[in-house]
Amino acid sequence: MEALFYVFSFIAIFSALMVVTMRNPLTSALYLVLCFFALAGFYVILDMQFLAAMQILVYAGAIMVLVVLVIMLLNISRIKNIKSDLHQKIIGVLISLILFAEIVLYIINGAQKRPSGIFTHALIKRIGNTQVIGEFLFTGYILPFEIASILLFVAIIGAYLFAKKKF
Amino acid sequence: MDNYLIVASMIFCIGALGVIIRKNLIVIFMSLELMFNAANLGFVAASNRLNLISGDIFVIFVIVVAAAEAAIALGIAIAFYREKGTVDIDMANELKN
Amino acid sequence: MDLKILITWLIPLFPLAGWFLWGIFGKYFKGLSGYIASGFVAASFILSVILFFIVAYSHGFTDTLYPWVYAGIFKAGVSADIDRLSVIMLVMVTGISTLVHVYSIGYMKGDKGFSRYFSFLNLFVFSMIMLVISNNLLLLYVFWEAVGFCSYILIGFWYERKSASDAGKKAFIVNRIGDFGFAVGIFLLFVTTKTLNYETVFAAIPSVPAYTTTIIALLLFAGAVGKSAQFPLYIWLPDAMEGPTPVSALIHAATMVTAGVYMIARFHVIFSYSPAASEVVLIIGTFTAFFAAFIALTQFDIKRIIAYSTISQLGYMFMAVGIGSYTAGIFHLISHAVFKGLLFLTAGSVMHGLSGELDLRKMGGLYSKMKTTAVTFIVGGLALSGIPPFSGFFSKDAVLADIYNKGFYFAWIIGEITALMTAFYIFRLIFLAFFGEPKPDQNKHAHESPQIMTIPMIILAVFAVIIGFLGIPPFNDSLFYNFLHTDFKNAYNFAPFVNNTPWYILSLISVFAGLLGIYAAYLLYIKKAFDPERIKSIFKPVYVLSYNKVYIDEIYNFLIVKPLLVFFDFLWKVIDVKVIDGAVNGIALAFAGFSAKARRIQNGMLMSYILTLSIGAAALLLYYFIR
């Protein structure tokens, strides 16, 4: 487990860096897919196989295909040569480092919270994580679930309107 | 759990870095997706640690919102490209004045 | 839900629904809105009568519809306190409202604000019902203001006319003065007793120091002085006659102006534990009764005469509640509501027949042309003069006899003189308008009003005759007294009876005073035994004083309005223009200079926005970390 965690961490962080630094957006997109796979690996370690499947299906499968499709749709030679300013890069790196340092400080200094729920590893393993999530999603969280469906519907219409030739 | 959170925050900061330094609209969008995923990882790790299930449920909602966002953002990218002939974010300066 | 509770809340619901309907969809209903609005109020009336019998044969109750403001010790719900006093008021308010609504269909026919009128009228009925049934002071205050607001919009109903909108404003502002006192009284009451519910307030009052009770009672009475048009705040009521006549009948004669009397009767515990405050009530009431009757003697505008007569009769009611005879006060309130409503409706009918003419000098001999109006008017006049067997006789004499028997002889003498003047001025009006020769410049096309107007008048006239019989056997043994006096059992008996003069002697004096007034009017205006002009010249100073309304408006103008105007002029020219405008402009200039600099940040580059955002996030995290 421990070894797997470090492997996945390495893959995730490396591919994330690649996403940000690659000149060609198509390369970035492929590294992003790799990063998503690594995150899915984390979910498997954390006993949430269902989420891992969702991650791959929706993110790697649907969203990234859409991104790649859009990159293909646009003229790749024209969007490849968008350069960043140097001072912007320096400031960006600086700020990200500060942000990271702060968050790590928070994580280390934060008060450790005792486990308060009842869904232990053993219980989730016994019931099955898909059933647990499903029961919660369709009972306690039914209203957000329905609202999410409306959100998706709105997004479909919105995307259509934006991509239309004339507003 | 701390390890997971540190990895998550690292991915988050890399995403933020991408948003700040890149000028390609599509790469910025992908960096945003990275930040989303970092948050997701934090949710799952925390709810695993605290023996809760609500974090996992939230991840599902985040994925839903991300999907919706992807559709809209890419629509905007296409519209932007059609208007300007590029996806350079510096060309989006109509907000000025 | 219990049936009686359902009925209780249905009563205000009907007019409220009417207000919404005509207010929003009025233009689709056109003429129909009048009929349906009348139907709504009639439904309220029927329910009120049912509730009356429920309460009469069982007992009162309280019910909370919902908790409105519950904050700490401050509790005020939308809740009703149904007892005998409130059901009597409910029946009176909804009954007269129904008749006035029906009458208004005819009176307002063809007015372009027809639906608006009925919407406001329904809103008024709703507010008045809630005022009567509320069981805490906050709710009472809300609807106390609401009826004042309705009065304001209905006085200024024909807002194109400057005099009408001015009269509305005057009524509102003058009421404001009284209501300020009322509000302060409520605050003081809350601070003293830590509650606003009637029951708990009344339970706490006997242990409150007497001077605090007196201050509270006087502040509450200030509200009553404003709302019930007593001296010195009566000046708005005569001007309020600019509104449509049915409004004058409903609001400015029968219901709203009597709210002050109702309020004192409702808070009888507070007032009876403060004899000093009650004495002030008595003095103000007596003075107003005399004063308004004196002004009414010489006026020529028929609506104004009746308005002054209303002020005078309200004075009688305050005399009654000022000596602790609450049942007599309420009885006079009810019978006055009937006959004064009748007088206003008939005056409106005269106006209708003469196309808006109000000047007595241009009327004469109308009896032959409008018989129903004339007969009903005379019934109202006889009731007002206190001639048996009309209702005014029983109620006014109940008040006057209590005043005499409780030993307030001076107030009694003033009351009897006022009764004489009352009979004189109302019959002066009757004789001038309905008898004698038609005047040369009179409208030739005088005609009787349509049936939809005369029928409510006839019904009211019948009630003006029979409602008095609730008062037999006269005075403190009557049906009405026995029905109502249980509600006032908590009152402190600060003015016990000192005499036991039998009622027939006292009424004989009152009736004699009334008849004398009528005879004097007869001599002057029918027989022409004396020339009114000669009388006028003999009593010239008195006449001029009365004709010019004792110059009260002018005195107020000089003492209050002028100095205020000068003061406000100073505020406007110096404080407002120089100080406040200067400050505002200075701040605006400073911001303009600052934003000229700040706009450079807004460079339109998305990247720099994102950068700023991240710096902000980092700084925020840092702040929380080092805090």
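Predicted model: local features only at pLDDT ≥ 70, side-chain atom pairs only at ≥ 80, totals over all residues.
Residues are numbered from 1 along each chain as its sequence is written, while chains are lettered from A and ligands numbered from 1 in the order in which they are written.

**Chain C**

Chain C holds 25 helices and two strands. Both kinds of element are DSSP runs numbered from the N terminus: helices are H or I with at least four residues, strands E with at least two. Of its 627 residues, 51% count as buried. A residue is buried if 20 or more other C-beta atoms lie within 10 Å of its own, exposed if 12 or fewer, and partly exposed in between, with C-beta atoms placed from the backbone.

C:G407 follows α17(C) and has a positive phi, near 90°. In helix α24 (residues 552-598) of chain C, the number buried is zero of 47 residues, so α24(C) lies largely in the open. α24(C) also has a kink of about 45°, centred on C:D576. The bend at a residue is the angle between axes fitted to the seven residues ending there and the seven starting there.

**Chain B**

Chain B has three helices and zero strands. Its pattern along the sequence is α-α-α. Of the 97 residues of chain B, 58% count as buried. Contacts (C-beta atoms, placed from the backbone, within 7 Å) can be sorted by sequence separation. In chain B, 46% of those with a separation of 6 or more join residues 24 or more positions apart. In chain C, among contacts between residues at least 6 apart, 82% join residues at least 24 apart.

**Where chain A meets chain B**

The contact takes 68 residues from chain A and 58 residues from chain B. Several helices of chain A give two or more residues to this side, among them α1 (2-21), α3 (49-73) and α8 (142-163). α5(A) gives the most, with eleven residues. The chain A side divides into 54 nonpolar, ten polar and four charged residues. Here Ala, Val, Leu, Ile, Met, Phe, Trp, Tyr, Cys and Pro count as nonpolar, Asp, Glu, Lys and Arg as charged, and the others, Gly among them, as polar.

**Two helix pairs**

Axes are lines fitted to C-alpha atoms, for helices over the stretch in contact, and angles run from 0 to 180 degrees between N-to-C directions.

| Helix pair | Axis distance | Angle |
|---|---|---|
| α3(A) and α2(B) (residues 25-49) | within 12 Å | roughly 175° |
| α8(C) (residues 210-227) and α11(C) (residues 259-266) | 8 Å | about 155° |

α3(A) is therefore roughly antiparallel to α2(B). Angles under 35 degrees count as roughly parallel, over 145 as roughly antiparallel, 65 to 115 as roughly perpendicular and the rest as oblique. The residues in contact include A:L51 and A:I63 of α3(A), and B:I26 and B:E33 of α2(B). By class, this contact has eight nonpolar, no polar and one charged residues.

The angle in chain C makes α8(C) roughly antiparallel to α11(C). C:L220, C:A224 and C:K227 of α8(C) meet C:A259, C:G260, C:M263 and C:I264 of α11(C). That contact has five nonpolar, one polar and one charged residues.

Definitions and conventions. Contact = placed C-beta atoms within 7 Å.
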